[in-house]
Amino acid sequence: MSSLSHAAGDVFMPPQATQVAEQVDSIYSFLLYASLISFILVVGGMIYFVYKYKRSSANSKSAYITHDHTLEFLWSFIPFVIFMFVFAWGWYVYDQMRTFPSDALEVHVFAKKWDWKFVYKNGKESVSAIDANNNKLPATLVVPLGKSVKLIMTSTKINGESSDPSDRAVIHSFFVPAFRVKQDIVPGRNSALGFKADKIGEFNVFCAEYCGGGHSMMRAILKVVTPEDFEKWLASEGSGQLSLADKGRALYAAKACIGCHSLDGSRIVGPTFKGLWGRKTQCQKYFPWRGAGP
């Protein structure tokens with residue numbers, strides 16, 4: 001089954017890949033149609049009354065109108081019932097995202113500027129990489145079809161041992177449009193999110209919270225496979241058979257060097273790595289008590 005078959009949604013929504021997504025879309029459709037009906041009743045009624053009771057002459061006066069307590073009660077009570085119904089419906093769907101079965105597959109998600117890392121309970125990691133053309137390959141979160149998944153998420157620094165004040169954990173947001181699930185990832189705490197995919201394919205993962213200059217490039221792939229293929233993938237080796245060049249590309253992506261240093265000569269935040277190997281550079285020593293010197 002081609003992943004492209006799940007990439008196209010309808011006019012209003014991305015594809016639906018979970019039961020929660022179908023329920024969220026049902027709530028959205030209900031609110032949309034209820035709002036449309038309310039708009040027609042309110043605005044249509046206003047236009048009708050303006051036309052029906054318009055002043056026929058300069059001397060005409062409106063008749064004295066008394067209160068209709070039954071009508072006033074109904075136009076307050078009926079919207080209240082509808083609002084409480086939507087609240088209960090929304091809470092039911094929300095609770096499914098926050099209730100995790102005891103046998104759920106746990107995956108740790110680490111968000112950093114500007115990349116994702118997924119770690120499974122057996123120690124297997126999935127991080128971004130660089131292909132032979134120096135294009136970034138996003139990290140892939142692989143999950144089995146029909147299995148409840150619990151994501152335990154936190155925000156980290158690019159380098160956990162760094163004391164650089166510019167390298168700090170910031171707020172992110174894990175968002176899978178096809179699943180209709182989104183959860184903020186806040187530094188200093190763990191947040192959880194659950195889902196159960198019911199369609200095989202590849203789906204986009206975005207950061208839905210502005211987290212800095214590389215925010216638009218912070219994406220990943222959520223790949224849904226059969227349980228058999230998932231077990232094979234989980235038991236497979238990682239990057240042990242990669243060449244030194246491929247290992248370097250993987251390290252370049254995993255340590256987020258790609259966010260600041262280009263390979264094609266362009267300037268991002270830091271200097272480019274192009275032409276760095278074998279190049280000689282004249283450096284200067286710095287003495288705090290007398291400034292720079294040779």
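## Close-up views of a predicted model

The chain has four helices and 14 strands, where helices (H or I, at least four residues) and strands (E, at least two) are DSSP runs numbered from the N terminus. This is a predicted model, so local features need pLDDT of at least 70 and side-chain atom pairs count only at pLDDT 80 or more, while totals for chains, interfaces and linings use all residues. Residues are numbered from 1 along each chain as its sequence is written, and side-chain values use heavy atoms, with hydrogens and water left out.

**View 1. The chain as a whole, in two figures.** Of the 294 residues in the chain, 30% are buried; buried means under 20% relative accessible area, exposed means over 50%, and partly exposed is in between (1.4 Å probe, protein chains only). Take the contacts in the chain with a separation of 6 or more: 61% of them come from residues 24 or more positions apart. A contact here is heavy atoms within 4.5 Å.

**View 2. Helix H1 against helix H2.** H1 covers residues 19-52 and H2 covers residues 69-98, and the two pack at an angle of about 165° with their axes 10 Å apart. That makes H1 roughly antiparallel to H2. For the bookkeeping, axes are lines fitted to C-alpha atoms, for helices over the stretch in contact, and angles run from 0 to 180 degrees between N-to-C directions. Angles under 35 degrees count as roughly parallel, over 145 as roughly antiparallel, 65 to 115 as roughly perpendicular and the rest as oblique. H1 passes H2 in a left-handed crossing, the label for a near helix turned anticlockwise from the far one by less than a right angle (clockwise would be right-handed).

**View 3. Who meets whom between H1 and H2.** On the H1 side you'll find Val20, Gln23, Val24, Ser26, Ile27, Phe30 and Leu31, and they meet Ile82, Phe85, Val86, Trp89, Gly90, Tyr92, Val93, Gln96 and Met97 in H2. Sorted by class, the contact of H1 with H2 has 12 nonpolar, four polar and no charged residues. The classes go like this: Ala, Val, Leu, Ile, Met, Phe, Trp, Tyr, Cys and Pro are nonpolar, Asp, Glu, Lys and Arg are charged, and the others, Gly among them, are polar.

View 4. The structure holds 13 aromatic pairs, counting rings of Phe, Tyr and Trp (its six-membered ring) whose centres lie within 6.5 Å; planes under 30 degrees apart are stacked, over 60 edge-to-face and the rest tilted. Phe73 and Phe77 make a stacked pair, 5.2 Å centre to centre with 10° between the planes. Both sit in helix H2, four residues apart, about one turn of the helix. Phe77 is partly exposed, with a relative accessible area of 39%. Phe30, Phe85 and Trp89 form one aromatic cluster. Pro79 is also found in helix H2, and at 27% relative accessibility Pro79 counts as partly exposed.

**View 5. Val170 in its loop.** Val170 sits in the loop between strand S7 (148-155) and strand S8 (172-176), and Val170 is buried, with a relative accessible area of 17%. Leaving aside neighbours within four places in sequence, Val170 is in contact with Lys113, Ser155, Ile185, Pro187 and Cys211. Val186 is 16 residues away along the chain, and its C-alpha atom is 7.0 Å from that of Val170.

View 6. Most residues other than glycine have a negative phi, and most peptide bonds are trans. The peptide bond from Lys113 to Trp114, though, is cis, with omega near -10°. Trp114 lies in the loop between strand S1 (105-112) and strand S2 (115-120). Arg180 has a positive phi of about 60° although it is not a glycine. Look for Arg180 in the loop between S8 and strand S9 (181-185), where Arg180 is buried at 11% relative accessible area.

**View 7. Ala111 in strand S1.** Ala111 lies in strand S1 and is buried, with a relative accessible area of 0%. Setting aside neighbours within four places in sequence, Ala111 is in contact with Trp116, Thr154, Ser155, Thr156, His172, Ile185 and Met218. For Ser155, 44 residues apart from Ala111 along the chain, the C-alpha atoms of the two are separated by 4.8 Å.
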